[in-house]
Amino acid sequence: MSAAPVNPLNPVNPLDPVNPVKFAYWVPNVSGGLVTSKIEQRTDWGYDYNRELAVLAENNGFDYALSQVRYMAGYGAEFQHESTSFSLALLLATQRLKVIAAVHPGLWHPGVLAKLGATADHLSNGRFAVNVVSGWFKGEFTALGEPWLEHDERYRRSEEFIRALRQIWTEDHAELAGDFYRLRDFSLKPKPLNTPERPHPEIFQGGNSTAARAMAGRVSDWYFSNGKDFDGVVEQIADVRKAAAEVGRTAPKFGLNGFLIARDTEAEARETLREIVAQADHEAVEGFGAAVKQAGRSTADGKGMWQDSGFEDLVQYNDGFRTGLIGTPEQIAERIVAYKRLGVELFLLGFLHYHEEVEYFGRRVLPLVRELEARLPDTGTETATGTEPESVSAHV
């Protein structure tokens, strides 16, 4: 087979051991933990807990943290801290960790966010980033008296939001006459830091739909996928790269969501998963499922997020079980590197017991990942086919 192309956003071959796969974690700034289950979750949505977690994470190999956002209580998440302010607090408590704040176009103006982001970037020495969320929770918008757009229109608004944000951050006199936002000779100073790693804060986005993939190819720096198996990852990466090529743009980097259950034995890990699902909060899971599937059904081709998610998938509300990071440290490390060979450059991880499991990840899993990466070829690789490598297929 022919060699897979190097990701043009990064001149270093993704399979070169000097370009290791990166790790992020979901900041538990929302109550209820990362699974909608009545099982014990040793986590806390408060600041003191999360400050300690951020320091622990950056000392155990994590590069990023993603502050999630809910504006209205519901679906097992009754309490939550706002993402941008919480992200800034975590940035000031750490030294290396990059923190990604989730934001919703329609509830933010890009000029206001650009100002906040520039300040946060200076205060953190260039470690602020944003995740542009097009929105699935209709109730939040209607409760605030804001219009709820149809699915593809929400992504069209998000694309315009990103174009405005990037222009404000990089140009002295921003001009935009869009359908959703207008800029008239808008000048922002100081601008965010322009570092060797990036010219402005990194812009992430999620979404599984056709509209989301096309938007990522046209404007985003990173594309986050919900949990997927190997075939799902191959399909999404191909679609996003195609969309980027169609507009002559370098493809965004690819991040993948996964709920990680690492235990000393595979049986222990599988039993933990079984208990999570067995103790699921059925009412909350079903309510969440109805809300998100309503949002996805409005896509023209029915390929919206969560459209093929079953009850067990929705217990981890970003399909994190599907990625299959469940087993022994050896099994999980093998699977992570198998995903890397397909083009995944960042894993966004959730845990049941955050402090203990982040430390376990850094001590037991990450060294194995780096050891396997060191064995990878430093030039070229086989084109991704979606076929599960033999070394991991028996474990998932």
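Guide: The model is a predicted one. Helix α8 comprises residues 266–278, and at 1.5 Å a residue its 13 residues should span 18 Å; the C-alpha atoms at its ends are 18 Å apart, which agrees with that expectation. Five positions of α8 are listed as buried, namely A269, T272, L273, I276 and V277. Viewed down the helix axis, these buried residues fall within an arc of 130°, so they line one face of α8. The general rule behind such a pattern is that an α-helix has 3.6 residues a turn, so residues three or four places apart point the same way. On the other side of α8, A267 and A278 are exposed. The cover over the buried residues of α8 includes β9 (253–259), β10 (261–262), α10 (311–315) and β11 (326–327).

Helix α2 (residues 83–93) packs with helix α3 (residues 110–123) at an angle of about 10°, their axes being 10 Å apart. Angles under 35 degrees count as roughly parallel, and α2 and α3 are therefore roughly parallel to each other. On the α2 side the contact is made by T84, L88, L91 and L92, and on the α3 side by L113, L116, A120 and L123. By class, the residues of this contact are seven nonpolar, one polar and no charged.

Terms used: Residues are numbered from 1 along each chain as its sequence is written. This is a predicted model: local features need pLDDT of at least 70, side-chain atom pairs count only at pLDDT 80 or more; totals for chains, interfaces and linings use all residues. Side-chain values use heavy atoms; hydrogens and water are left out. Axes are lines fitted to C-alpha atoms, for helices over the stretch in contact, and angles run from 0 to 180 degrees between N-to-C directions. Helices (H or I, at least four residues) and strands (E, at least two) are DSSP runs, numbered from the N terminus. Angles under 35 degrees count as roughly parallel, over 145 as roughly antiparallel, 65 to 115 as roughly perpendicular and the rest as oblique. Contact means heavy atoms within 4.5 Å. Ala, Val, Leu, Ile, Met, Phe, Trp, Tyr, Cys and Pro count as nonpolar, Asp, Glu, Lys and Arg as charged, and the others, Gly among them, as polar. The expected span of a helix is 1.5 Å times one less than its number of residues. Buried means under 20% relative accessible area, exposed over 50%, partly exposed in between (1.4 Å probe, protein chains only). The arc is that of the directions from the helix axis to the C-beta atoms.
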